[in-house]
Amino acid sequence: MKPRRLLAVLIACLLLAAAGCGGGGGNDSGDSGDKSITFWLSEDVAQRVNLIQQIVNRFQDKSGIQVKVVAIAEDQLASQIQSASAAGSLPDVMGPLSLGLVQNLATDDLADADAANEVVDSLGRDTFSERALSLVEADGKPMGVPSDTWTQLLVYRKDLFEKAGLDTPDTLDKILAAATKLKQSGQGGIAAPTKSGDSFTEQTFEYFALANGCQLTDDQGAIQLTSPQCVATFKFYDDMIKNGSSKGGQDVDTTRAAYFAGKAGMIVWSSFLLDELAGLRNDALPTCPECRSDKRFLSKNSGVVTAISGSGGGEPTQFGEISNYVIVKDGNIDAAKQFVEFMMSDGYVDWLAVTPEGRFPARSGTKDNPEEYNEAWSKLKAGVDTKAPLSELYPPEVLTALTKSTDTMSRWGFQQGQGRIVGALAAEQPIPKALAAMLDGQLTPDAAAKQAQADVEEIAQSIK
């Protein structure tokens with residue numbers, strides 16, 4: 001094994017939580033009479049942690065169950081799980097966890113699928129997004145309880161599109177046409193990431209790839225990046241950047257800055273852009289000329305596309321992430337189930353309110369009121385330094401599209417049962433590397449697809 005590959009495997013293991021390290025049990029007791037649990041919160045922003053602690057306090061007052069909240073930064077969670085698993089000191093429940101981390105906990109036999117399934121049944125399976133459940137399921141049972149989602153969006157300048165006579169950019173062909181037509185001196189047609197080794201570049205490529213029918217693997221785990229659909233997506237990305245975007249490396253900060261300055265007709269970004277677009281965050285304010293007199297100019301003049309279709313048509317789809325609660329095996333299962341049920345019912349709206357622009361409901365409502373949480377979400381106040389209800393910032397059709405975006409969400413690997421490969425790519429980011437080389441003129445789109453294929457195959461082989 002090459003030294004470079006060995007290092008990558010070690011990093012991947014750190015990210016994926018080492019297999020075979022033992023079961024959970026933060027309280028060393030599964031006794032249903034135990035009135036305490038430990039909750040690992042994958043969140044370390046002080047303001048958010050304080051708001052979530054208030055929800056937890058309400059649960060404690062109602063149930064009599066004491067909850068120890070341990071806030072852990074998302075990028076530190078995998079290593080903490082690895083250490084606690086080896087020591088037999090895992091918590092009773094964790095959340096919100098990404099699909100990749102849930103998949104790895106399940107693979108390591110740490111996630112209690114029966115407990116998660118019982119919570120979902122108790123709350124009402126029909127009240128959850130069917131797509132969210134399907135992405136977190138294995139062998140017909142959810143490995144975690146889907147809480148909320150964020151999605152990748154294509155945001156565009158409606159005023160510029162109308163002036164140029166362009167259609168809503170909801171297909172790859174329309175996106176490319178608009179990016180090319182809107183590019184002019186001092187303005188790019190689209191702001192999209194290009195940097196090597198950047199997860200944002202991979203997420204954006206996956207967004208377009210999914211729309212184009214390009215899958216990372218087949219059901220047996222064979223890598224598919226040289227398929228005609230994937231090669232076509234590499235060609236699309238090459239054309240879009242070279243003919244429709246500004247020169248130079250682009251990342252999450254530079255793309256946002258370009259759109260906010262009025263120097264891009266479109267941007268691909270996560271739903272966390274929505275409050276900033278409306279001028280609600282002082283350290284990320286829109287700076288376009290029109291924004292000087294109206295800080296909400298961009299939110300008023302921007303359209304939002306969630307799911308897009310490929311060049312050959314097909315079902316519209318999009319990239320996104322589903323956050324989940326995981327009940328850990330060998331912990332205080334009964335108390336953990338009560339806690340998750342509370343967080344998904346009595347405490348749910350307050351949970352979504354922590355960052356509504358990045359927490360779309362994975363549970364639309366209750367059995368008696370199927371749209372209760374969707375309706376409540378649309379009225380929640382978004383923002384950091386200034387707050388305003390999303391319903392005052394965006395029209396009803398945009399909010400409806402956002403609440404339904406989970407149902408059009410897809411991800412590489414998970415529906416094929418290959419989630420571990422997806423997680424392992426985070427260590428080396430082979431696809432952004434191939435894209436960057438292509439955009440620099442070092443590789444053709446066909447050669448970039450072949451390089452990405454070879455690198456991903458090597459990574460997949462190293463984790464078997």
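These legends accompany close-up views of a predicted model.

**View 1. Strand β1 and its parallel neighbours.**
β1 pairs with strand β2 (residues 66-71) in the parallel sense, over 6 bridges. In this pairing, S36 stands opposite Q66 of β2. The chain gets from β1 to β2 through helix α2 (residues 46-63), and this β-α-β crossover is right-handed. β1 also pairs with strand β3 (residues 93-97), again in the parallel sense, over 3 bridges. Here L41 stands opposite G95 of β3.

Helix α4 spans residues 99-107. Its buried residues are L99, G100, L101, V102, N104 and L105. Just after the helix, D109 takes a positive phi of about 60°.

**View 2. D251 in its loop.**
D251 is found in the loop between α10 (228-244) and α11 (252-260). Is D251 buried or exposed? Its relative accessibility is 13%; buried means under 20%, so D251 counts as buried. Its side chain makes a polar contact of 3.1 Å with the side chain of K195. The D251 side chain also reaches the backbone nitrogen of D253, at 3.1 Å. Leaving out residues up to four places away in sequence, D251 touches P193, K195, D198 and F200.

**View 3. The disulfide C214 to C230.**
The structure holds 2 disulfides. One of them joins C214 to C230, with an S to S distance of 2.0 Å. The torsion about this S-S bond is about 90°, so the disulfide is right-handed. C214 lies in the loop between α9 (199-211) and α10, while C230 lies in helix α10, so the pair ties together parts that are 16 residues apart in sequence. Both cysteines, C214 and C230, are buried.

**View 4. The disulfide C288 to C291.**
C288 is joined to C291 by a disulfide, S to S 2.0 Å. The torsion about the S-S bond is about 85°, so this disulfide is right-handed. C288 has 0% relative accessibility and counts as buried. C291, at 5%, counts as buried too. With bonded cysteines counted along the chain, the disulfides follow the pattern 1-2, 3-4.

**View 5. The salt bridge E43 to R359.**
The count of salt bridges comes to 24. In one of them the side chains of E43 and R359 meet at 3.6 Å, N to O. The pair links distant parts of the chain, 316 residues apart: E43 sits in the loop between β1 and α2, R359 in the loop between α15 (348-353) and β11 (360-361). Both E43 and R359 are buried.

The side chains of D238 and K242 meet in a salt bridge of 3.1 Å, N to O. The two residues are 4 apart in helix α10, which means that about one helical turn separates them. How do their accessibilities compare with the classes? D238 counts as buried at 8% relative accessibility, whereas K242 counts as partly exposed at 40%.

R256 and E276 meet through their side chains in a salt bridge of 2.9 Å, N to O. R256 belongs to helix α11 and E276 to helix α12 (residues 273-277), so the pair links distant parts of the chain, 20 residues apart. R256 counts as buried at 15% relative accessibility. E276 is buried, with a relative accessible area of 3%. A network of salt bridges links D253, R256, E276, R281 and D283.

Terms used
Residues numbered from 1 in each chain as written. Predicted model: local features only at pLDDT ≥ 70, side-chain atom pairs only at ≥ 80, totals over all residues. Heavy atoms only, no water. Pairing = 2+ DSSP bridges. Right-handed = clockwise from strand over helix to strand, strands pointing away. Buried < 20%, exposed > 50% of the residue type's maximum accessible area, 1.4 Å probe, protein only. Polar contact = N/O pair within 3.5 Å; in protein donor to acceptor, adjacent residues only side chain to side chain. Contact = heavy atoms within 4.5 Å. Disulfide = S-S within 2.5 Å. Salt bridge = Lys/Arg side-chain N within 4 Å of Asp/Glu carboxyl O.
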